Amino acid sequence: MFVIAIAGNDGAGKSTVARSIRELIDPHRDCVIRPLAESLREEIRQFVPPTVDPWQKPTPEWLRDLLKGWGGLRRSQDPEYWIKAWVQGINLRESRPEIAIIDDLRYLNELNFVKERQGMVIFLDRQSRMKAGYELDELKRYADQRILVDPVGKVYASPTLTFHLINDFRLRQGLQSLFSA
């Protein structure tokens, strides 16, 4: 399984780029987007009223605080907790995907998880909006590609360019192209 991980500031366009990349990949390949926070949001669902959708975007500040607090508690108990939950979620699928996209990389141990599997890390850099509490400065240094974005100025990551960068990365590793034949 080839893992593509996207890191970046809140609102930088990580999920949008992930969806665009999935659309550009050969449709005969099994490609899934599974955020590391998927399991976190599933756990939080038991603490919020049924009318609250833990997946809503934009995420209200109170819900973001709850997610960060619960996520931090689990990480303090086991730094690999969310990685293990992500792997378990992938393994519960009927078939293992050929390509998995993580659209919410936040910590160095998550980056190491991707790198140990010869995956690719992309950092969407929205310099005007850096939030504390994540290891984004460190992730930026170790990313395979860094793309500057400015959603306020309507400068977004080009999905086509990003897709070509991923494909070139795979070819340099001796892996098959993501383009359809």
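**A walk from helix α2 to the cores**

Let's start at helix α2 (residues 37-44): six of its eight residues are buried, so the helix is largely enclosed by the rest of the structure. Buried here means under 20% relative accessible area (1.4 Å probe, protein chains only), and helices (H or I, at least four residues) and strands (E, at least two) are DSSP runs numbered from the N terminus. The buried residues of α2 are Ala37, Ser39, Leu40, Arg41, Glu43 and Ile44. Their cover includes α3 (61-77), α4 (81-91) and β3 (99-105), with contact meaning heavy atoms within 4.5 Å.

A word on the source: this is a predicted model, where local features need pLDDT of at least 70 and side-chain atom pairs count only at pLDDT 80 or more, while totals for chains, interfaces and linings use all residues. Residues are numbered from 1 along each chain as its sequence is written, and side-chain values use heavy atoms, leaving out hydrogens and water.

Now look at strand β1 (2-8), where seven of seven residues are buried. Phe2, Ile4, Ile6 and Gly8 point one way from β1, and Val3, Ala5 and Ala7 point the other way. In a regular strand, side chains alternate between the two faces of the sheet. β1 runs parallel to β3, joined by five bridges, and parallel to β4, also by five bridges; strands pair if DSSP finds at least two bridges between them. Valine 3 stands opposite alanine 100 in β3, and isoleucine 4 opposite methionine 120 in β4.

Ile4 also leads us to the largest nonpolar core, which has 22 residues; Ile4, Ile21, Ile101, Leu124 and Ile166 have the most contacts inside it. Such a core is a set of buried Ala, Val, Leu, Ile, Met, Phe, Trp, Tyr and Cys residues joined through side-chain atoms within 4.5 Å.

Note on methods:
Buried means under 20% relative accessible area, exposed over 50%, partly exposed in between (1.4 Å probe, protein chains only).
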